Amino acid sequence: RTTIRVFEFFSQYLPLPYAPRTFDAEGDWRFDANSLTVVNADNRAKDLRRLTYTVESVDTDPDSSDLNNAVAGTPADAAVTAVIPPDLPDNLVQLANRITANAETPAAKAAAIQAYLRSNQFTYSTEPLPGSGYEALQNFLLQDRRGYCEQFASAMAMMARVIGIPSRVSVGFLPGERDEEGWKVSIRDMHAWPELYFANYGWVRFEPTPASVTGTAPSWTVQNADSSGSDPSANPSSEPTAGEVRQADQTGNRV
């Protein structure tokens, strides 16, 4: 159960800790059962300003060993989230297959992709090479290897689909900073991350953006040392290191 107080922030989406079950926000807010997001019926972003409301959420964090035995599932929107574009460049398909070649289960393959993107081969930067669409993904994965959260998230979502796991990208917030009243989240905490769909679990959050920005990766996304490559968070700690944030349930919208 979480109480959220909004200050000077505007959005047609209601920020909610995942996975929301009930909420009591004043106004005409509509719940999308497929994406588990809540949106203003009239797209009135200003209705969120100065709003205080309470949310009840279900704890969806899976056990890592159980998840490792799960198979990729079929979400209700598989026609969108499981589709591999026919014009996806071959070099991106080959990269995804190469990274996951030694992993035996879907969860292990997903962990291998995450570990690859969190490795020292990639650098977090808000000034990657220019480009859009496939060109941007190729620049990020095969040349520059510099990018920000949207590129890390979209790259993992793309590679997950190549290996047969439905995926989507969520846009929301990192946990922010803890103070005596709770968690303080600002516009600087806006973030994007991928979610992958597993049978009996639904959408599961992964975190490919480097630890310098996101802190320790979720425990269920990290395999043992042999399968996690050079992932800097392969041995997660309960405390963040300098410059890291504490990992907690992220709040956002699924797109």
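This is a predicted model: local features need pLDDT of at least 70, side-chain atom pairs count only at pLDDT 80 or more; totals for chains, interfaces and linings use all residues.
At what angle do α3 and α5 pack, and how far apart are their axes? The angle is about 45°, and the axes lie 10 Å apart. Axes here are lines fitted to C-alpha atoms, for helices over the stretch in contact, and angles run from 0 to 180 degrees between N-to-C directions.

Residues are numbered from 1 along each chain as its sequence is written, and side-chain values use heavy atoms, without hydrogens and water.

Contact means heavy atoms within 4.5 Å.

| Helix | Residues in the contact |
|---|---|
| α3 | Asn 91, Leu 92, Leu 95 |
| α5 | Leu 137, Gln 138, Leu 141, Leu 142 |

Five of the contact residues are nonpolar, two are polar and none is charged.

The largest nonpolar core has 31 residues. Such a core joins buried residues (under 20% relative accessible area, 1.4 Å probe, protein chains only) through side-chain atoms within 4.5 Å. Leu 117, Leu 141, Met 158, Met 159, Leu 196 and Phe 198 touch the most other members. Two or more residues come from each of α3 (90-99), α4 (106-118), α5 (133-144), α6 (149-162) and β11 (190-198). α6 gives the most, seven residues. Another core, of 11 residues, lies apart and includes Val 6, Ala 25, Val 38 and Tyr 53.

Conventions. Buried means under 20% relative accessible area, exposed over 50%, partly exposed in between (1.4 Å probe, protein chains only). Helices (H or I, at least four residues) and strands (E, at least two) are DSSP runs, numbered from the N terminus. Ala, Val, Leu, Ile, Met, Phe, Trp, Tyr, Cys and Pro count as nonpolar, Asp, Glu, Lys and Arg as charged, and the others, Gly among them, as polar.
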